[in-house]
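Please read the following walk through a structure with the sequence and the coordinates open beside it.

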Amino acid sequence: MHDNEQRRREMISALADGQLDDGERAAAMAWVATSEEARATWHAYHVVGDALRSADLADCRGDRDFVARLRQRLAAVDADSAGPAAVPLRAGAVASAQIGATVVADAMAPSANDAVVRWKWLAAAASMMAVSVLGWHLGQLGSQASAQLAAAPATGTAVAAGSTAAPNEPAVMLRDPRLDELLAAHRRFGGTSALQTPAGFLRNATFEQPGR
Amino acid sequence: MRAATCFRTGPVLLRRAVGCFVLVLAGATTVVAQVSAPAPSATVPAGVNSTSQVAGELGISEWLARMHGASRQRTYIGTFVVTAGGNMSSAKIWHVCNGDLQMERVESLSGQPRSTFRRNDQVITFLPGSRTAVAERRESLGLFPDLLRGTDAAIGQYYSAHQRGVERVAGQEADVVQLQPKDKLRFGYRIWSEKNTGLVMKLQTLDADGRVLEQAAFSELQMDAPVSVAKLTQMMENTEGYRVDKPESTKTTPDAEGWAIRNPVPGFKSMTCHKRKSAAATDGAKPDGAMQWVFSDGLASVSLFVEAYDRRRHVVEGSMALGATHTLTRRWSDKTGDWWLTLIGEVPRSTLAAFALGLERTR
C-alpha cells in the first residue's frame, strides 16, 4: 500500500516537472482533480522546490488560500461552459473535470520545457528529498524511510501551516546548507573551463547565491 | 535537432508575478537554429594555429581563443543577465584591461546586494548585509592558455564547432557558434560572439534535445567605456568595516587521500585536488576534511567531494538540477568503510553517476 502511495506521489512529482506523457498526465490530473491529498502533495512539492531554489521564494503563505479563492470564483462564473473548451489537453480524461483541475491543466499545457526553469528532483529522490527536508523541520530525524514517505502529505501541510505562524524560519530550515556550501566550493575550484574568462566567471558572480 | 524551446510559463509561475515577468524577459530570446551556416565572417585572430580549420570555418580552438582574447583586450560596461532553473539574476559589470592586468567589478542588481571584484585570479566578494567580505584566489581563472594548449585535442575530440549565422544581441551583431558534444556525457553550448571583437555576448547551455538549460547574456553593453583600473583597485582594497573571510583548503592528491578512478569518464581529466578545512563551529569535534577532486573536459567541470560517512548528518541521497548544474549525492561503501559522495558539475546526471561508479578506494 505504501508502494502504491509512493508511486502516486512520484507521478505528481513527474507531473510538476512536465515529464509525463499524455496518458500518464491525464491520469495524474484526474487524481489531482479529485483528491485533496493529491493537491496537498502537489503543493508540498512546489513549496520544497521553491525553498530549494531560493530562500526568497520559500514563503508560501497565501498560495493555498489563493487557489481556493480562485476555484470558488471560477466555479461561480460558469462551471458548465468553461470546461472543455478551455482545456487544451488531448487526452479527454479530465475534460469533464472540475474547474480547479482546468486551471491547473491550462497552466500546465505549454510546459514542454518545464524542466528548464525549475529545480527538479529525479524520481525517488523527489519524495526522499521532500520528506527528509520537511521531516527535519519537524524534528523527525532518524526515522525509517518508509515511515517518512508515508507521512509526506501530512508533513507538507504542517509546514505550510507552520510557515504562516513563523514565516521567516522555514525559509532557512528547508534548504540543505551543506549542499549550498559544496556548490559554492564547486564554483570556486570547479570552474575549470575554457569559457571561464569569457563568461563563466561573470555567470557565477552574477548568479552566486550569497551565504546566509 | 529541436530548436531552443521558449522558457515556459507554468503553474509555479501562476502565483509568482515577479518570476513570470523575469521569464518573459529571458524567454524573449527564442532562438531558431539556422539550418545552413553562412560563410564565416570572423577573421582568424593573429597567432592562432589554424590547422584544425575545416574549409574556411573556424575550428573550436580558434573560436575559444578569439572569445578569450576579446575579454583580454576590451574595456566595457554592461548589464549581465543569468537565467537558470527558474531563477533569474542580473548584475552590472565593469571590465577593464591594461596589459596583462584584467579587472572586473560585478554589482548584483537582483537578490541580496553584493559586489564582486576580480583582479586576474584574485577575487573578493563584499556582502554588505552581513558586513563580510570573502577573499580568495581562483586558480581556474589563470588556466585558460593551458586549457587550450593542453587539452585542445581533447576539446576538439569531444565537441565540434559550427557557425549558425549572425544575430543581434544587446545592440551588437554577433556570430552564433554552436559547440556540439560528440557524446551524451556532456552538454552543448550556443555562443553569441560579437562580430568584430569576439566578445561573448550570450551563452546558452543545451541538453541533448537542444533545450536551453541555462542562459547568460548581456542585455546592454557599452564597448570601450571609460573604466579606471585605479578606481576599481581602490574599491577592491577598501575592506574597512568588513570582516574578511578567506576560505581555506590545502592542496593534496587523490593518491595521497587513497582514491583513484578505476574507469575514467571519457574526456575528463583530473585537474586539482583539495582538502577542505572545516568550518569548525558547525562540526564540533569532528573535522570536515572533505576532499574535492576536480575534473574537466575543457568546457565542463565536475567536482567530486568525498567525506567519511556520518549517520547523523548524511541522510538524504538523491540528485538535483539547477539549470545546467547537476548534483548527485550517495553513500559509497566497500570493505574499507562507508563514505559520502557528492558530485556537482555542469554535466548530465548520468555523467556524475559514471564518476561515482568508477571511483575506487586504494587503501
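This is a predicted model: local features need pLDDT of at least 70, side-chain atom pairs count only at pLDDT 80 or more; totals for chains, interfaces and linings use all residues.

Residues are numbered from 1 along each chain as its sequence is written, chains are lettered from A and ligands numbered from 1 in the order in which they are written, and side-chain values use heavy atoms, with hydrogens and water left out.

Confidence comes first. The pLDDT, which is the predictor's confidence in each residue on a scale from 0 to 100, has a mean of 58 in chain A, where 41% of the residues reach 70 or more. Helices (H or I, at least four residues) and strands (E, at least two) are DSSP runs numbered from the N terminus. Contact means heavy atoms within 4.5 Å.

Chain B contains eight helices and 21 strands. Of its 363 residues, 56% are buried; buried means under 20% relative accessible area, exposed over 50%, and partly exposed in between, with a 1.4 Å probe and protein chains only. Taking contacts in chain B between residues at least 6 apart in sequence, 53% join residues at least 24 apart.

A nonpolar core is a set of buried Ala, Val, Leu, Ile, Met, Phe, Trp, Tyr and Cys residues joined through side-chain atoms within 4.5 Å. The largest has 43 residues, and Leu64(B), Leu179(B), Tyr189(B), Trp293(B), Leu304(B) and Leu359(B) have the most contacts inside it. Beyond its neighbours within four places in sequence, Leu304(B) touches residues including Ile261(B), Met291(B), Trp293(B), Phe295(B), Leu341(B) and Leu359(B). A second, separate core of 24 residues includes Phe201(A) as well as Phe80(B), Val169(B) and Val176(B).

In chain A, helix α2 runs over residues 22–34, and its end C-alpha atoms lie 18 Å apart, in agreement with the 18 Å that its 13 residues should span at 1.5 Å a residue. The expected span is 1.5 Å times one less than the number of residues. At the start of α2(A), a side-chain oxygen of Asp21(A) comes to within 3.2 Å of the backbone nitrogen of Gly23(A). Buried residues in this helix include Met29(A), Trp31(A) and Val32(A).

Over all chains there are 20 salt bridges, each a side-chain nitrogen of Lys or Arg within 4 Å of a carboxyl oxygen of Asp or Glu. Arg178(A) and Glu181(A) form one, at 3.0 Å from N to O. Both belong to helix α10 (residues 177–189) of chain A, three residues apart, about one turn of the helix. Arg178(A) counts as buried because its relative accessibility is 16%, whereas Glu181(A), at 32%, is partly exposed. In chain B, Glu307(B) and Arg313(B) are joined at 3.5 Å, N to O. Glu307(B) is buried, with a relative accessible area of 3%, and Arg313(B) is partly exposed at 36%. Another salt bridge pairs Arg211(B) with Asp207(B), their closest N and O atoms being 3.1 Å apart; Arg211(B) and Asp207(B) are both buried.

Terms used
A polar contact is a pair of N or O atoms within 3.5 Å; within protein, one must be able to donate a hydrogen and the other to accept it, and residues adjacent in sequence count only if both atoms are side-chain atoms.
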